[in-house]
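This report describes the nonpolar cores and a helix pairing of the structure shown below.

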Amino acid sequence: MPTAKELSVQMDDRPGTLGRLCRVLADRGVNILAIQASSSERRSQVRFVADNPTIVKSVLDSQGLAYTEAEVAQVTLQNRLGELARAASRLGEADININSAYGGFDPVTNAPLVFFGVTEVGRAAKILDQAAAAAGI
């Protein structure tokens with residue numbers, strides 16, 4: 001399975017902040033494939049994977065938003081009972097800890113995608129690829 005570029009940004013936790021950022025990205029032709037957002041004490045942590053990280057970084061820079069980049073493991077899952085459990089369990093069996101996980105959709109097939117933030121991204125991607133092949137994906 002492939003890996004993907006995750007961008008993570010801290011933003012003010014105020015109404016409309018996330019919507020404005022997403023609107024600017026959409027206006028620049030960026031498709032957000034997956035997103036995870038949470039807030040704590042007037043700040044929001046937003047992690048996302050988009051189809052054009054280069055444009056996203058340009059937009060974040062122009063908005064004065066500091067961000068970090070990380071590689072995440074990406075897996076395509078069937079929309080059926082137990083698929084997420086299968087993928088996450090394979091990582092656990094390999095002693096790979098999942099630090100973050102969130103879902104989205106493949107822009108071409110609309111198949112469910114899950115992105116795993118792990119320390120051993122390359123190894124995790126191989127394990128997830130093997131699991132997907134065994135499941136007939």
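Val-118 touches Ile-96, Asn-97, Ile-98, Asn-99 and Ala-124, leaving aside residues up to four places away in sequence; contact means heavy atoms within 4.5 Å. The model is a predicted one, in which local features need pLDDT of at least 70 and side-chain atom pairs count only at pLDDT 80 or more, while totals for chains, interfaces and linings use all residues. Residues are numbered from 1 along each chain as its sequence is written, and side-chain values use heavy atoms, without hydrogens and water.

Val-118 also belongs to the largest nonpolar core, which has 14 residues. A nonpolar core is a set of buried Ala, Val, Leu, Ile, Met, Phe, Trp, Tyr and Cys residues joined through side-chain atoms within 4.5 Å, buried meaning under 20% relative accessible area with a 1.4 Å probe, protein chains only. The members that touch the most others are Val-75, Leu-91, Ile-96, Phe-116, Val-118, Ala-124 and Leu-128. Two or more residues each come from β4 (67-76), α3 (83-93), β6 (112-118) and α4 (121-134); the largest share, 4 residues, is that of α4. Apart from this core lies another, of 12 residues, including Leu-7, Val-46, Ala-50 and Leu-60.

Helices α1 and α2 pack with their axes 10 Å apart, at an angle of about 130 degrees, which makes α1 oblique to α2. Their crossing is right-handed. The table gives the residues that make the contact.

| Helix | Range | Contact residues |
|---|---|---|
| α1 | residues 17-27 | Leu-21, Val-24, Leu-25 |
| α2 | residues 53-62 | Val-56, Val-59, Leu-60 |

The contact residues comprise 6 nonpolar, no polar and no charged.

How values were computed:
Axes are lines fitted to C-alpha atoms, for helices over the stretch in contact, and angles run from 0 to 180 degrees between N-to-C directions. Angles under 35 degrees count as roughly parallel, over 145 as roughly antiparallel, 65 to 115 as roughly perpendicular and the rest as oblique. A crossing is left-handed if the near helix is turned anticlockwise from the far one by less than a right angle, and right-handed if clockwise. Ala, Val, Leu, Ile, Met, Phe, Trp, Tyr, Cys and Pro count as nonpolar, Asp, Glu, Lys and Arg as charged, and the others, Gly among them, as polar. Buried means under 20% relative accessible area, exposed over 50%, partly exposed in between (1.4 Å probe, protein chains only).
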